[in-house]
Amino acid sequence: MNRLAVDPACRPPDLPALHAQAFPMLTAAQIECAAPYGEEIFAPAGSVLLQSGGQQAAFHILLQGSVEVLESDADGGMQSLLVHRDGEFTGSLDLFTDRPNAVTARAATDSRLLLLTRDALALLLQAERPLADIVLRAFMLRRIGYLRRRPYGGAILRSAMGVGQVDPVLDLAVIGGGPAGLAAAAYAASEGLHTLLIGGSLCDAEPPVALALPGFPGTTTGLCDDGLLRRAEAQSRHFGSHVMPRRMATAFDSASYPFRVWLDDGQVIEARSLIVATGLAEDGSGEANTAWLDGCLDTDELGRIHTGRAAAGSMQARAYESSQPGVFAAGSVRAGAVPQLLAGIGEGSAAVRFVHRFLDASAH
């Protein structure tokens, strides 16, 4: 069996050079464009806008004043991370997941802000492409900076191999390199999972892949023009997620564990869990790219994967988990998913939490 061996080396990006893109200052025209989607609020100095561990899902554009972002330290105190100034905005990719807030944001001075709910932000980003590029790029780069300070998010590496050795069995294989797959790989690797992304960046395909995303202007390749998806892929690599951009999955063996996935070049990978994020066919039929699964999972008539309680034979009914425990689906390949860019990013990152639960349970 031609089993894949992966090189653990990775090179971090030049973070100082990306600071301006991670913390952009919106122009007056851009703020005016966003204004109809939100409401202006006044926050007295010291008032909390977002609470660490809470579930508030709000996006703020600072019109006047200053907002401090803090995190809890090991002693239970609060440590200042940064201060936002006029024209900057708060928020992260966690806005599109059900994860609790990682940080606290509070007004450092009396401040005026434009407040957008999660739904309002999604509408804004769907309607205003230039703002979508700025905001999504900033979210991804901020996560790089935040997690670089804690490279594995506090998680313990699951591999039992010694220092300098590479466990040939992956913790997670992510199949599909669109928004859901890229987000899943970045989150998983940042949280300490030995991760491989099959499919890599759609931006590097020859010829370029034109994957339409209903609810978002243009196509996925449109987001490649200024490198948004390439940055997401670089983020995945930075945290140790190995990327194979030109490979495709051709077969899946669910009868063995760890699972086996065959690639189009004859290689075989072994993984303790899978996230399938292969999206829909490009011919407009609405059919999912799941033929390579060869009927191993419960799907609807279009090949979209049933998950959770809707999956036949599912006993534990974890969110995003298919009829095969340990195999998850995210993005438009999942039955019932909303085929939108933001929803795909949210599902890919949210699914990783349930991968952790599966791996924790299987380890015991």
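1. Helices (H or I, at least four residues) and strands (E, at least two) are DSSP runs, numbered from the N terminus. H3 packs on the sheet and touches E3 and E8, with its direction at about 80° to that of E8. For that angle, axes are lines fitted to C-alpha atoms, for helices over the stretch in contact, and angles run from 0 to 180 degrees between N-to-C directions.

2. Before going on, a word on the basis of these notes: this is a predicted model, in which local features need pLDDT of at least 70 and side-chain atom pairs count only at pLDDT 80 or more, while totals for chains, interfaces and linings use all residues. Residues are numbered from 1 along each chain as its sequence is written, and side-chain values use heavy atoms, with hydrogens and water left out.

3. The sheet holding E3 and E6 is open and has 4 strands in the order E1-E8-E3-E6, with antiparallel pairing. Its edge strands, E1 (39–43) and E6 (89–90), each pair on one side only.

4. Now the largest nonpolar core, which has 25 residues; Phe59, Ile61, Phe89 and Leu121 touch the most other members. Such a core is a set of buried Ala, Val, Leu, Ile, Met, Phe, Trp, Tyr and Cys residues joined through side-chain atoms within 4.5 Å. Two or more residues come from each of H2 (28–34), E3 (58–64), E8 (111–117), H3 (118–127), H4 (129–148) and H7 (341–363). H4 gives the most, with 7 residues.

5. Phe89 deserves a look of its own. Beyond its neighbours within four places in sequence, Phe89 is in contact (heavy atoms within 4.5 Å) with residues including Phe59, Ile61, Ile134, Val135, Ala138 and Phe139. Pro24, His84 and Arg142 are also among its contacts.

6. Ser66 sits in the loop between E3 and E4 (67–72). With 4% relative accessibility, Ser66 counts as buried, where buried means under 20% relative accessible area, exposed over 50%, and partly exposed in between (1.4 Å probe, protein chains only). The side chains of Ser66 and Thr109 are joined by a polar contact of 3.1 Å. That term covers a pair of N or O atoms within 3.5 Å; within protein, one must be able to donate a hydrogen and the other to accept it, and residues adjacent in sequence count only if both atoms are side-chain atoms.

7. Which sheet has mixed pairing? The open sheet of 4 strands in the order E9-E15-E14-E13 does. E9 (169–170) and E13 (249–253) stand at its edges with a single partner strand each, so one side of each has no neighbour in the sheet. E9 pairs with E15 (residues 268–271) in the parallel sense over 2 bridges, and Val169 stands opposite Glu270 in E15.

8. E10 (residues 172–175) is covered on both faces: Leu172 and Val174 on one side, and Ala173 and Ile175 on the other, are all buried. E10 pairs with E11 (residues 195–198) in the parallel sense over 4 bridges.

9. Overall, the protein chain has 7 helices and 17 strands, and 51% of its 364 residues count as buried.

Notes. Two strands pair if DSSP finds at least two bridges between them.
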